[in-house]
Amino acid sequence: MAGKPKRRAEGAPVGRRAMLGMLGAGAAGLAAAPYLQRGWEGFLASASQVDATGLTGLLPNPGGFRYYSVVGSVPHKDATDYELRVDGLVDRPKTYTLGELRAMPQSRIVHDVLCTDGWRVDRTPFEGVCLADILDAAGVRSSGVAVRFTCFDGAYTESLTLEQARRPDVLVALNMQDKPITHAHGGPVRLYVAPMYFYKSAKWLSGITVTDKVVPGYWEERGYAVDGWLDGEDRHGAAA
């Protein structure tokens, strides 16, 4: 019996050490989580650039976003060589540099991002130039009824009607999550169409062409809806 109190007295510090160890491990895990997340996202981004199958887009990512390209690799662009060409049925065709786009008035939209694959990232901020402002500067002709978007990956395309393109929640986006859009996310410039599924928000944007009819985009040619509205969105929202 005399030994029992001694064992209890010695047992208490061991319990505290175990608890402190568990708390320390938990704190270390929390501290390391952002670095691990960035490392995993970096791996997915790099892998996706050499994955012509698209299978990397199926890998889980705790951050929510998936990385997918329809080609094996995409060239990198930055302020030294990026250009956005606006042409077609317009009076004033123009090629914008990244600096010129950043110098234009910027708009900010915070909206949920949803993909047809089922993943979503809630309340994602995007900033950039309203597409309507770029179209107004170009002077759309009366025969223009739609807009076709091309990308410097050399393959991806998208489309919107002119009415859709003039909505205030459609951007030529330069920032995402309050940082410049990375190459993996379609930077330095991508389209962002807030009220539609994310496939409508073309990455690596390089061309905006006003057309006399809707030209189905890359995925629409493969069975996706031309109008990729999210449920509950106002499909007749006021144009900018």
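The largest nonpolar core of this predicted model has 40 residues, and those that touch the most other members are Leu-101, Leu-131, Ile-134, Leu-205 and Ile-208. A nonpolar core is a set of buried Ala, Val, Leu, Ile, Met, Phe, Trp, Tyr and Cys residues joined through side-chain atoms within 4.5 Å, where buried means under 20% relative accessible area (1.4 Å probe, protein chains only).

**Elements of the core**
- Among the elements that give two or more residues to this core are strand 1 (83–88), helix 3 (131–138) and strand 10 (205–211), with helices (H or I, at least four residues) and strands (E, at least two) taken as DSSP runs numbered from the N terminus.
- Helix 3 supplies the largest share of this core, four residues.
- A second, separate core of 15 residues includes Cys-115, Met-176, Ile-181 and Ala-194.

**Leu-205**
- Leu-205 is found in strand 10, and it counts as buried because its relative accessibility is 0%.
- Beyond its neighbours within four places in sequence, Leu-205 is in contact (heavy atoms within 4.5 Å) with residues including Tyr-82, Phe-149, Val-172 and Leu-191.

**Helix 3**
- The buried residues of helix 3 are Leu-131, Ala-132, Ile-134, Leu-135 and Ala-138.
- Seen down the helix axis, these buried residues fall within an arc of 160°, so they line one face of helix 3; the arc is that of the directions from the axis to the C-beta atoms.

**Basis of the values**
- Residues are numbered from 1 along each chain as its sequence is written, and side-chain values use heavy atoms, leaving out hydrogens and water.
- Local features need pLDDT of at least 70 and side-chain atom pairs count only at pLDDT 80 or more, whereas totals for chains, interfaces and linings use all residues.

Technical notes: Buried < 20%, exposed > 50% of the residue type's maximum accessible area, 1.4 Å probe, protein only.
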